[in-house]
Amino acid sequence: DVGWSGIGLVVGVDGSQHRMGLAVTADNLRQNEVTLGADRVLRVDLVGLRLLPDAFMAQIVRAHAQLRR
């Protein structure tokens, strides 16, 4: 995961362990807390990042540009 605290952007990268057992619940609670704190959260799954890196990176770049304003 990576975050830009100055602009309120957090990017979470989820591997397969994030889809097992209670990890989904823990991730949801963590994302909700970050969002309630006014930061924007983008989620990227590792498989998607490997298959469609340009699409995910374009979203991250777009979010960064929007929040820098």
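**Reading the criteria in a predicted model**

Student: How do you know that the span of helix H1 (residues 23-36) agrees with its length?

Tutor: At 1.5 Å a residue, the 14 residues of helix H1 should span 20 Å, and because the end C-alpha atoms are 20 Å apart, the two values agree; the expected span is 1.5 Å times one less than the number of residues, and helices (H or I, at least four residues) and strands (E, at least two) are DSSP runs numbered from the N terminus. This is a predicted model, in which local features need pLDDT of at least 70 and side-chain atom pairs count only at pLDDT 80 or more, while totals for chains, interfaces and linings use all residues. Residues are numbered from 1 along each chain as its sequence is written, and side-chain values use heavy atoms, with hydrogens and water left out.

Student: Why is Asp14 called buried?

Tutor: Asp14, which lies in strand S2 (residues 9-14), has a relative accessible area of 4%, and buried means under 20%, exposed over 50% and partly exposed in between (1.4 Å probe, protein chains only), so Asp14 counts as buried.

Student: What makes Asp14 and Arg43 a salt bridge?

Tutor: Their side chains meet at 2.5 Å, N to O, and the rule asks for a side-chain nitrogen of Lys or Arg within 4 Å of a carboxyl oxygen of Asp or Glu, so the pair qualifies. Because Arg43 lies in strand S3 (residues 40-45), the pair ties together parts that are 29 residues apart in sequence.
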